[in-house]
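Dear colleague,

Please find the structure below, together with its sequence.

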Amino acid sequence: MTIDGFEETHNARRVSAVGLNSAAKLFVKHGIKASATMNVDKVNWPQFHDLRDMLREEVGIDLHAGRLCDYGYFFGTRDFKKPAFDLFEHDEYSRLVHDEFVLGGYDAEKLRDLLSPVPRFCNGQRHNYYIIDTLGDVYMCDGYIGEQDHVVFNVKDEPAGECLRMVSHDPYESEQCRACHLLPICQGNCDWERRATGMQCHPLLTTMPDYLNDYRSCFGEREGHYQRFA
(Lines give C-alpha, C1' and ligand atoms only; values in the text may rest on other atoms or scores of the structure.)
Protein backbone atom coordinates (compact mmCIF):
# COMPACT_ATOMS: atom_id res chain seq x y z
CA MET A 1 0.00 0.00 0.00
CA THR A 2 0.98 3.64 -0.26
CA ILE A 3 1.08 5.96 2.75
CA ASP A 4 2.35 9.37 1.73
CA GLY A 5 2.67 11.02 5.13
CA PHE A 6 0.78 11.48 8.35
CA GLU A 7 -3.02 11.63 8.13
CA GLU A 8 -3.43 15.24 6.97
CA THR A 9 -0.66 15.01 4.37
CA HIS A 10 -1.66 11.58 3.11
CA ASN A 11 -5.34 12.47 2.74
CA ALA A 12 -4.47 15.68 0.86
CA ARG A 13 -2.25 13.80 -1.59
CA ARG A 14 -4.21 10.58 -2.02
CA VAL A 15 -7.84 11.61 -1.93
CA SER A 16 -10.15 8.70 -1.17
CA ALA A 17 -13.35 8.45 -3.20
CA VAL A 18 -15.24 7.38 -0.07
CA GLY A 19 -13.41 9.54 2.45
CA LEU A 20 -11.59 6.69 4.21
CA ASN A 21 -8.02 6.62 5.46
CA SER A 22 -5.46 3.94 4.62
CA ALA A 23 -6.54 0.34 5.27
CA ALA A 24 -3.25 -0.47 7.01
CA LYS A 25 -4.84 -1.38 10.34
CA LEU A 26 -7.42 -3.61 8.63
CA PHE A 27 -4.69 -5.69 7.00
CA VAL A 28 -2.99 -6.26 10.33
CA LYS A 29 -6.30 -6.96 12.09
CA HIS A 30 -7.06 -9.79 9.67
CA GLY A 31 -3.57 -11.27 9.83
CA ILE A 32 -2.43 -10.07 6.40
CA LYS A 33 1.25 -9.21 6.25
CA ALA A 34 1.66 -5.87 4.53
CA SER A 35 4.27 -3.22 3.83
CA ALA A 36 3.92 0.34 2.61
CA THR A 37 5.72 2.76 0.35
CA MET A 38 5.87 6.49 0.90
CA ASN A 39 6.25 8.49 -2.33
CA VAL A 40 8.51 11.25 -1.10
CA ASP A 41 9.39 14.73 -2.26
CA LYS A 42 11.05 17.62 -0.43
CA VAL A 43 7.76 18.56 1.27
CA ASN A 44 6.75 15.26 2.91
CA TRP A 45 10.23 13.76 3.32
CA PRO A 46 10.72 15.33 6.81
CA GLN A 47 7.81 13.15 8.01
CA PHE A 48 9.32 9.87 6.81
CA HIS A 49 11.33 8.70 9.82
CA ASP A 50 8.68 9.53 12.42
CA LEU A 51 5.96 7.94 10.28
CA ARG A 52 8.07 4.83 9.67
CA ASP A 53 8.70 4.41 13.41
CA MET A 54 5.03 4.95 14.26
CA LEU A 55 3.78 2.42 11.71
CA ARG A 56 6.32 -0.15 12.81
CA GLU A 57 5.59 0.23 16.53
CA GLU A 58 1.83 0.89 16.55
CA VAL A 59 0.58 -0.91 13.44
CA GLY A 60 3.26 -3.49 12.67
CA ILE A 61 3.92 -2.35 9.10
CA ASP A 62 7.26 -1.49 7.54
CA LEU A 63 7.45 1.72 5.53
CA HIS A 64 9.85 2.21 2.61
CA ALA A 65 10.61 5.37 0.67
CA GLY A 66 10.28 5.83 -3.08
CA ARG A 67 10.82 8.97 -5.13
CA LEU A 68 7.68 10.83 -6.20
CA CYS A 69 8.04 11.23 -9.97
CA ASP A 70 6.23 13.30 -12.57
CA TYR A 71 5.74 10.49 -15.07
CA GLY A 72 2.72 12.16 -16.63
CA TYR A 73 4.46 15.55 -16.93
CA PHE A 74 1.69 17.13 -14.84
CA PHE A 75 3.85 18.92 -12.28
CA GLY A 76 2.97 22.59 -12.05
CA THR A 77 -0.69 22.07 -12.97
CA ARG A 78 -3.81 21.98 -10.78
CA ASP A 79 -2.96 20.84 -7.23
CA PHE A 80 0.27 19.06 -8.25
CA LYS A 81 2.55 22.06 -7.85
CA LYS A 82 4.53 24.08 -5.32
CA PRO A 83 4.27 24.71 -2.44
CA ALA A 84 2.24 21.55 -1.77
CA PHE A 85 4.77 19.49 -3.74
CA ASP A 86 8.47 19.96 -4.50
CA LEU A 87 10.05 17.11 -6.44
CA PHE A 88 13.55 15.73 -5.96
CA GLU A 89 15.79 15.63 -9.00
CA HIS A 90 17.01 12.14 -9.90
CA ASP A 91 20.56 12.75 -8.63
CA GLU A 92 19.30 14.47 -5.47
CA TYR A 93 17.21 11.47 -4.55
CA SER A 94 20.05 9.07 -5.38
CA ARG A 95 22.22 10.82 -2.81
CA LEU A 96 19.36 10.82 -0.31
CA VAL A 97 19.14 7.03 -0.69
CA HIS A 98 22.86 6.76 0.00
CA ASP A 99 22.58 8.93 3.11
CA GLU A 100 19.76 6.68 4.37
CA PHE A 101 21.89 3.63 3.72
CA VAL A 102 24.70 5.06 5.84
CA LEU A 103 22.27 6.15 8.55
CA GLY A 104 20.89 2.61 8.80
CA GLY A 105 24.33 1.12 9.42
CA TYR A 106 26.30 -1.13 7.10
CA ASP A 107 29.17 -3.57 6.87
CA ALA A 108 31.27 -5.02 4.05
CA GLU A 109 28.86 -7.91 3.46
CA LYS A 110 25.88 -5.59 3.04
CA LEU A 111 27.85 -3.47 0.59
CA ARG A 112 29.00 -6.51 -1.39
CA ASP A 113 25.35 -7.51 -1.82
CA LEU A 114 24.40 -4.00 -2.89
CA LEU A 115 27.19 -3.77 -5.47
CA SER A 116 26.86 -7.29 -6.90
CA PRO A 117 25.49 -8.02 -10.40
CA VAL A 118 21.72 -8.62 -10.38
CA PRO A 119 19.91 -11.51 -12.13
CA ARG A 120 16.93 -9.36 -13.18
CA PHE A 121 16.16 -5.70 -13.73
CA CYS A 122 12.67 -5.69 -12.15
CA ASN A 123 10.12 -7.74 -10.23
CA GLY A 124 8.13 -8.20 -13.44
CA GLN A 125 10.59 -10.95 -14.36
CA ARG A 126 9.32 -13.10 -11.50
CA HIS A 127 6.67 -15.76 -12.10
CA ASN A 128 4.84 -14.83 -8.89
CA TYR A 129 4.67 -11.05 -9.28
CA TYR A 130 1.32 -9.52 -10.21
CA ILE A 131 -0.32 -6.10 -10.05
CA ILE A 132 -4.11 -6.11 -9.70
CA ASP A 133 -6.11 -2.92 -10.23
CA THR A 134 -9.53 -2.04 -8.80
CA LEU A 135 -11.27 -3.69 -11.78
CA GLY A 136 -9.49 -6.99 -11.21
CA ASP A 137 -7.26 -6.58 -14.27
CA VAL A 138 -3.84 -8.16 -13.79
CA TYR A 139 -0.56 -6.71 -15.06
CA MET A 140 3.07 -7.76 -14.87
CA CYS A 141 4.40 -4.18 -14.77
CA ASP A 142 3.32 -1.41 -12.37
CA GLY A 143 3.86 1.29 -14.98
CA TYR A 144 1.22 0.01 -17.40
CA ILE A 145 -1.73 -0.10 -15.00
CA GLY A 146 -4.83 1.13 -16.83
CA GLU A 147 -3.50 0.33 -20.31
CA GLN A 148 -5.65 -2.42 -21.77
CA ASP A 149 -2.95 -3.64 -24.15
CA HIS A 150 -0.95 -4.72 -21.10
CA VAL A 151 -3.72 -6.58 -19.24
CA VAL A 152 -2.67 -10.23 -18.85
CA PHE A 153 -6.02 -11.46 -17.55
CA ASN A 154 -8.79 -10.52 -15.12
CA VAL A 155 -9.16 -12.27 -11.77
CA LYS A 156 -12.85 -12.89 -12.48
CA ASP A 157 -12.19 -14.73 -15.75
CA GLU A 158 -11.86 -18.47 -16.09
CA PRO A 159 -8.21 -19.52 -16.63
CA ALA A 160 -7.43 -19.87 -20.31
CA GLY A 161 -4.34 -22.05 -20.29
CA GLU A 162 -0.93 -20.39 -20.05
CA CYS A 163 -1.70 -16.68 -19.70
CA LEU A 164 1.32 -15.30 -17.88
CA ARG A 165 4.10 -13.37 -19.55
CA MET A 166 7.09 -11.81 -17.94
CA VAL A 167 8.49 -8.36 -18.52
CA SER A 168 11.56 -8.50 -20.72
CA HIS A 169 13.91 -6.22 -22.59
CA ASP A 170 17.47 -6.34 -23.86
CA PRO A 171 19.67 -3.55 -22.45
CA TYR A 172 22.29 -4.31 -25.09
CA GLU A 173 19.96 -2.73 -27.65
CA SER A 174 20.78 0.63 -26.03
CA GLU A 175 24.07 2.19 -27.10
CA GLN A 176 24.19 4.09 -23.80
CA CYS A 177 23.75 0.88 -21.77
CA ARG A 178 26.33 -1.05 -23.80
CA ALA A 179 28.93 1.60 -23.01
CA CYS A 180 28.07 1.83 -19.30
CA HIS A 181 30.31 0.27 -16.62
CA LEU A 182 27.25 -0.20 -14.39
CA LEU A 183 25.38 -2.58 -16.73
CA PRO A 184 26.12 -5.84 -14.83
CA ILE A 185 24.75 -4.30 -11.64
CA CYS A 186 21.53 -2.81 -13.00
CA GLN A 187 20.82 -4.83 -16.21
CA GLY A 188 19.52 -1.66 -17.82
CA ASN A 189 17.30 -0.66 -14.88
CA CYS A 190 13.52 -0.28 -15.25
CA ASP A 191 12.47 -0.60 -18.90
CA TRP A 192 9.15 1.19 -18.33
CA GLU A 193 10.87 4.13 -16.62
CA ARG A 194 13.35 4.39 -19.48
CA ARG A 195 10.45 4.62 -21.93
CA ALA A 196 8.46 7.05 -19.76
CA THR A 197 11.29 9.46 -19.03
CA GLY A 198 13.67 9.07 -21.95
CA MET A 199 16.44 7.73 -19.69
CA GLN A 200 16.50 7.35 -15.93
CA CYS A 201 19.68 5.51 -15.09
CA HIS A 202 20.16 3.47 -11.95
CA PRO A 203 20.86 5.62 -8.83
CA LEU A 204 24.27 3.95 -8.47
CA LEU A 205 25.46 5.79 -11.55
CA THR A 206 25.44 8.90 -9.37
CA THR A 207 26.49 7.44 -6.03
CA MET A 208 28.82 4.52 -6.83
CA PRO A 209 31.91 6.45 -5.61
CA ASP A 210 30.17 7.08 -2.28
CA TYR A 211 29.40 3.40 -1.78
CA LEU A 212 32.94 2.42 -2.77
CA ASN A 213 34.32 4.82 -0.18
CA ASP A 214 31.91 3.29 2.35
CA TYR A 215 33.31 -0.11 1.44
CA ARG A 216 36.87 1.10 1.96
CA SER A 217 35.89 2.49 5.34
CA CYS A 218 34.90 -1.03 6.47
CA PHE A 219 38.60 -1.89 6.34
CA GLY A 220 39.85 1.30 7.96
CA GLU A 221 41.03 2.91 4.74
CA ARG A 222 40.73 6.63 4.26
CA GLU A 223 37.91 8.10 2.23
CA GLY A 224 38.19 10.29 -0.82
CA HIS A 225 40.08 7.89 -3.09
CA TYR A 226 37.23 7.40 -5.51
CA GLN A 227 35.98 10.30 -7.59
CA ARG A 228 32.52 10.83 -9.03
CA PHE A 229 32.01 9.59 -12.55
CA ALA A 230 31.62 12.23 -15.24
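In helix 9, the buried residues are Leu204, Thr206, Thr207, Met208, Pro209, Asp210, Tyr211, Asn213, Asp214 and Arg216. Please bear in mind that this is a predicted model. Helix 9 is thus mostly covered, with 10 of its 14 residues buried. Its buried residues pack against helix 4 (90–103), helix 5 (108–114) and helix 7 (183–186).

Helix 9 runs over residues 204–217 and spans 18 Å from its first C-alpha to its last, close to the expected 20 Å. At Asp210, helix 9 bends by about 25°; Asp210 is also one of the buried residues of this helix.

The second topic is salt bridges, of which the whole structure contains 6. One of them joins the side chains of Arg14 and Asp4, at 3.4 Å from N to O. Arg14 lies in the loop between helix 1 (7–13) and helix 2 (24–29), and Asp4 in the segment before helix 1, so this pair ties together parts that are 10 residues apart in sequence. Asp4 is buried, with a relative accessibility of 4%, whereas Arg14 is partly exposed at 39%.

A further salt bridge links Asp62 and Arg56, whose closest N and O atoms are 3.4 Å apart. Asp62 is partly exposed at 37% relative accessibility, and Arg56 is partly exposed at 44%.

Lys82 and Asp86 also form a salt bridge, with 3.8 Å between the closest N and O atoms. Here Lys82 counts as exposed, because its relative accessibility of 55% is over the 50% cut-off, while Asp86 is partly exposed at 22%.

With kind regards

Methods. Residues are numbered from 1 along each chain as its sequence is written. This is a predicted model: local features need pLDDT of at least 70, side-chain atom pairs count only at pLDDT 80 or more; totals for chains, interfaces and linings use all residues. Side-chain values use heavy atoms; hydrogens and water are left out. Helices (H or I, at least four residues) and strands (E, at least two) are DSSP runs, numbered from the N terminus. The expected span of a helix is 1.5 Å times one less than its number of residues. The bend at a residue is the angle between axes fitted to the seven residues ending there and the seven starting there. Buried means under 20% relative accessible area, exposed over 50%, partly exposed in between (1.4 Å probe, protein chains only). Contact means heavy atoms within 4.5 Å. A salt bridge is a side-chain nitrogen of Lys or Arg within 4 Å of a carboxyl oxygen of Asp or Glu.
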